[in-house]
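Have a look at the fold first, then read on.

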Amino acid sequence: MSQQTTIAKTVRFTGTGLHSGKDVTITLMPAPADTGIVFARTDLPGAPRVKAAAANVTATLRATTLEDGAAKVFTVEHLLAVFFALEVDNCLVEITSVEPPVADGSALPFVELIQEAGIIPLAAPCRVIDVTAAQIVRLPDKFIAILPYDGLRISFTSVNPHPLIGIQYGDYEITAATFVREIAPARTIGFMHEVEALQAQGLALGGSLENAVVYDGDKILTPLRFPDELVRHKILDVLGDLALAGRVRGHVIAVKSSHTLNTALAKQIAASGQK
Ligand SMILES: [Zn+2]
């Protein structure tokens with residue numbers, strides 16, 4: 001689509017925040033061209049707003065946090081991945097807490113929500129960022145890079161010491177259809193020993209066997225949707241973070257990348273202003 005888009009009607013979704021454990025409702029509303037994806041914290045005085053943009057990322061521990069003045073939201077990456085993959089450029093997301101609902105731990109419920117709303121074109125051209133030169137962000141044992149490519153493709157290598165996981169590799173040409181079928185249903189993964197430590201720090205309070213693939217010792221407590229569900233979810237997280245740079249096209253190659261590296265790459269792409 002060469003025109004910007006928004007959703008056709010207002011839709012609503014209620015659930016629990018993964019880390020906060022709080023009940024929350026998101027209301028997705030149509031927005032005019034050049035709005036972008038904007039969150040409005042309707043639980044705070046004056047409903048302060050923060051735009052989903054790389055420059056507004058303030059933390060990346062466990063989830064991506066966006067902040068602008070009094071407006072703060074976190075764990076926004078799954079919702080942003082859906083807007084990105086389904087090519088919704090503009091939307092106002094009213095949110096009644098700091099964090100969107102975790103839903104089932106995947107992006108599928110948000111796909112269904114946007115499909116229920118419908119997507120309409122707006123009378124303004126969309127700005128596609130075509131990567132014209134390779135860019136890389138790295139740490140000693142991990143990296144994420146983007147190369148020029150006719151389309152959007154993500155190749156991810158995940159390395160996990162758990163005996164049931166090990167090394168997983170996923171390589172997908174990302175279109176709305178492949179995203180909905182192969183990536184959106186992949187859920188967050190958690191480990192029992194980590195969950196207990198996180199909950200002691202006031203995190204993962206909304207986590208349960210209904211919204212994550214949970215491993216305990218050498219066992220798995222939840223049936224998998226895909227044998228390589230973990231790497232598919234890593235690709236979902238890359239998409240959500242990459243969305244912060246805009247409608248990017250290129251081939252992303254990542255090894256053991258996390259929100260920290262993903263958002264650093266998004267910042268680099270946004271700052272380089274490649275057209
Ligand atoms: Zn995730």
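A crossing counts as right-handed if the near helix is turned clockwise from the far one by less than a right angle, and as left-handed if it is turned anticlockwise. Keep in mind that this is a predicted model.

With that in hand, take H5 and H6: their crossing is right-handed. H5 covers residues 229-242 and H6 covers residues 259-272, and the two pack at an angle of about 35° with their axes 8 Å apart. Who does the touching? On the H5 side, the contact uses Asp-237, Val-238, Asp-241 and Leu-242, while H6 brings His-259, Asn-262, Thr-263 and Ala-266. Sorted by class, that's 3 nonpolar, 3 polar and 2 charged residues.

Domain 1 puts 34 residues into the contact and domain 2 puts in 33.

Which elements give two or more residues to the side of domain 1 that touches domain 2? They are helix H1 (77-85) and helix H2 (108-117). H1 supplies the largest share of that side, at 8 residues.

| Class | Residues on the side of domain 1 that touches domain 2 |
|---|---|
| Nonpolar | 19 residues |
| Polar | 10 residues |

Methods: Residues are numbered from 1 along each chain as its sequence is written. This is a predicted model: local features need pLDDT of at least 70, side-chain atom pairs count only at pLDDT 80 or more; totals for chains, interfaces and linings use all residues. Axes are lines fitted to C-alpha atoms, for helices over the stretch in contact, and angles run from 0 to 180 degrees between N-to-C directions. Helices (H or I, at least four residues) and strands (E, at least two) are DSSP runs, numbered from the N terminus. Two residues are in contact if their C-beta atoms, placed from the backbone, lie within 7 Å. Ala, Val, Leu, Ile, Met, Phe, Trp, Tyr, Cys and Pro count as nonpolar, Asp, Glu, Lys and Arg as charged, and the others, Gly among them, as polar.
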